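Here are a few exercises to work through with the model open beside you. Try each task before you read its solution.

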Amino acid sequence: IVREFWQTRFVNNPKEIVVSCAGIDHEHLVRLAQDHFGHLQQTTTDQSVTSKYIGGQIILDRPAPDGLVRVGLGFEVGGWHSGDLVTTCVLQTLLGGGSSFSA
């Protein structure tokens, strides 16, 4: 199962591979990436699955150990390429969404 996943998602789908490093010369990293991944050819089609937000509610009626209240809100957006993404991220920040972009 793992080998099939690896073949389908990475070996046969190199457009989905992201190479990232710190503390290395960019040109050197590009050469390394070409040496190790440049031979891979795109042979699979996009296999992304659109998720559907259906809503829901969970209420835990008990005091938190630190006395704080936590609320989670979920909104359906169109993903990373949606025109609503920036607006949603600003709303997240205004509501105190934390220091992590995907918090």
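Contact here means heavy atoms within 4.5 Å. This is a predicted model, so local features need pLDDT of at least 70 and side-chain atom pairs count only at pLDDT 80 or more, while totals for chains, interfaces and linings use all residues. Residues are numbered from 1 along each chain as its sequence is written, and side-chain values use heavy atoms, with hydrogens and water left out.

**Exercise 1.** Work out which residues N13 touches, not counting those up to four places away in sequence.

Solution. Start with the location: N13 sits in the loop between α1 (2-11) and α2. Helices (H or I, at least four residues) and strands (E, at least two) are DSSP runs, numbered from the N terminus. Next, list the neighbours: T8, Q42 and T44. With Q42 there is also a side chain to side chain polar contact at 2.5 Å. A polar contact is a pair of N or O atoms within 3.5 Å; within protein, one must be able to donate a hydrogen and the other to accept it, and residues adjacent in sequence count only if both atoms are side-chain atoms. Finally, N13 counts as buried because its relative accessibility is 7%. (Buried means under 20% relative accessible area, exposed over 50%, partly exposed in between, with a 1.4 Å probe and protein chains only.)

**Exercise 2.** Find how many helices and strands the protein has, and what share of its residues is buried.

Solution. Count 3 helices and 0 strands. Along the sequence, that reads α-α-α. Of the 103 residues, 9% are buried. Now the contacts: among those with a separation of 6 or more, 42% are between residues 24 or more positions apart.

**Exercise 3.** Compare the accessibility of C21 and C89, then count the disulfides.

Solution. C21 is partly exposed because its relative accessible area is 47%. C89 counts as buried because its relative accessibility is 17%. A disulfide is a covalent bond between the sulfur atoms of two cysteines. The rule here asks for a pair of cysteine sulfur atoms within 2.5 Å, and the count comes to 0 disulfides.
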